[in-house]
Amino acid sequence: MTTQQTPLVIKLGGTLLESNEALAALFATLKTFIDEVKRPLVLVHGGGVLVDNQLNAMGLTSTKKDGLRVTPVEHIGVITGALAGTANKLLLAQAIAHNISAVGLCLGDGGLCRVSQLDPELGAVGKIEGGDGTLISTLLAGGFLPVVSSIGITFDGQLMNVNADQAGTAIAEVLNADLVMLSDVSGILDGERTLINELTQTRALELMQQGVIKDGMAVKVKAALQATKTLGKPVAVGSWRNPEQLLSLLAGESEFGTRISH
Ligand SMILES: Nc1ncnc2c1ncn2[C@@H]1O[C@H](COP(=O)(O)OP(=O)(O)O)[C@@H](O)[C@H]1O
Ligand SMILES: CC(=O)N[C@@H](CCC(=O)OP(=O)(O)O)C(=O)O
């Protein structure tokens, strides 16, 4: 593998993390991608469903504000366990089972991303910016697959819960990579619940204003729009059920998923 090629950042989220079967199918495709396409690949992941399960199991309740989880400081330990622990290691386990050499990281490793508190009302929720890509580039040059959770660490050493779509954007920016976001849905749906293949910024803002794109999808679309702007190329949103379509989608050749452009 060479780092001369444009890296591909794939963000994984949604109920994928709850299904070993879906994870195994995805990693079989990723293995083929790594062997055949030979492009540097980085995985960034969420695991909101695992966070919900862990908080529930501990008798803790959690709310979201504009698609972001309100994170009281007393919840951050459990959330870190779910994201940087369980979710990250479930993905590592799949990589190992598919003969992929992977390394599990969080946003703080090697100064990858800079994270500060986003809004005191949200508690330990991080605002993310790109940082130092040296560690990831070194791992890619060594043929490893970096798998990055969305737990960040502030300069003064506080753990922060970062939305994983925002983390995907920040890492794609650090690496000047292509970005695809895989979720539970086939892509972004319009008011009639029909898949939108091509979404421009103007239409995205309109649909968010109308409340057609909302909750977690509004966070995702805003993160994707930022990435299209900074990277100067489209971002793909699709289902982890058809990962093999995502490169064609980025190239504007597939009817699967949504291609977001500036
Ligand atoms: N216009 C829309 N198109 C598709 N999904 C939408 C839309 N508006 C809201 N959603 C919701 O957003 C969810 C995806 O966001 P989210 O759960 O945050 O994804 P992930 O966990 O993969 O980051 C969908 O499952 C759906 O319930
Ligand atoms: C601040 C914030 O909302 N953090 C998210 C991080 C995980 C995430 O984004 O997971 P998905 O990509 O699977 O949705 C959360 O706690 O759910």
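Me: Where does K214 lie?

Reply: K214 lies in the loop between α6 (201–209) and α7. Helices (H or I, at least four residues) and strands (E, at least two) are DSSP runs, numbered from the N terminus. This is a predicted model, in which local features need pLDDT of at least 70 and side-chain atom pairs count only at pLDDT 80 or more, while totals for chains, interfaces and linings use all residues. Residues are numbered from 1 along each chain as its sequence is written, and chains are lettered from A and ligands numbered from 1 in the order in which they are written.

Me: Why does K214 count as partly exposed?

Reply: A residue is buried if 20 or more other C-beta atoms, placed from the backbone, lie within 10 Å of its own, exposed if 12 or fewer do, and partly exposed in between. K214 has 14 C-beta neighbours inside 10 Å, and therefore counts as partly exposed. K214 also lies 7.8 Å from G67, C-alpha to C-alpha, although the two are 147 residues apart in sequence.

Me: Is D215 buried or exposed, and how do you know?

Reply: D215 has 12 other C-beta atoms within 10 Å, so D215 is exposed. This residue is found in helix α7.

Me: What is said of the phi of R193?

Reply: R193 is not a glycine, yet its phi is positive, at about 65 degrees. R193 sits in the loop between β11 and β12. With 7 C-beta neighbours inside 10 Å, R193 counts as exposed.

Me: What makes β1 largely enclosed by the rest of the structure?

Reply: Of the 5 residues of β1, 5 are buried, which means that this strand is largely enclosed by the rest of the structure. L8, I10 and L12 point one way from β1, V9 and K11 point the other way, and all are buried. In a regular strand the side chains alternate between the two faces of the sheet.

Me: How do you know that β1 and β11 pair?

Reply: Two strands pair if DSSP finds at least two bridges between them. Strand β1 (residues 8–12) and strand β11 (residues 178–183) have 5 bridges, in the parallel sense, and L8 stands opposite D178 in β11. β1 also pairs with β2 in the parallel sense over 5 bridges, where V9 has V42 as its bridge partner.

Me: Why do β5 and β12 stand at the edges?

Reply: The sheet is open and is formed by 8 strands in the order β5-β8-β2-β1-β11-β13-β14-β12, with mixed pairing. β5 (102–105) and β12 (198–200) each have a single partner strand, so one side of each is left without a neighbour in the sheet. The twist averages 20 degrees from one strand to the next.

Me: What makes the residues of the "binding site" annotation gather at one spot?

Reply: The UniProt annotation "binding site", from an unreviewed entry, covers G47, G48, R69 and N161. They span 115 residues in sequence, but no two of their C-alpha atoms are more than 12.0 Å apart, so they gather at one spot. Such annotations may be inferred rather than shown by experiment.

Me: Are G47 and N161 buried or exposed?

Reply: G47 counts as buried because it has 28 C-beta neighbours inside 10 Å, and N161 is buried with 26 other C-beta atoms within 10 Å. G47 is in the loop between β2 (41–45) and α2 (48–57), whereas N161 is in strand β10 (residues 159–161). Residues are in contact if their C-beta atoms, placed from the backbone, lie within 7 Å. Leaving aside neighbours within four places in sequence, G47 is in contact with L17, A82, L83 and A87.

Me: Which residues come nearest to ligand 2?

Reply: A residue is near a molecule if its C-beta atom, placed from the backbone, lies within 6 Å of it. Of the 16 residues around ligand 2, G13, G46, G48, R69 and A164 come nearest. The elements giving two or more residues to this shell are α2, β4 (68–69) and α3 (76–97).

Me: Which residues are closest to ligand 1?

Reply: Ligand 1 is surrounded by 17 residues, and the closest are G13, G14, S183, G216 and M217. Helix α7 (residues 215–231) gives the most to this shell, with 4 residues.

Key. Contact = placed C-beta atoms within 7 Å. Axes fitted to C-alpha atoms, helices over the stretch in contact; angles between N-to-C directions.
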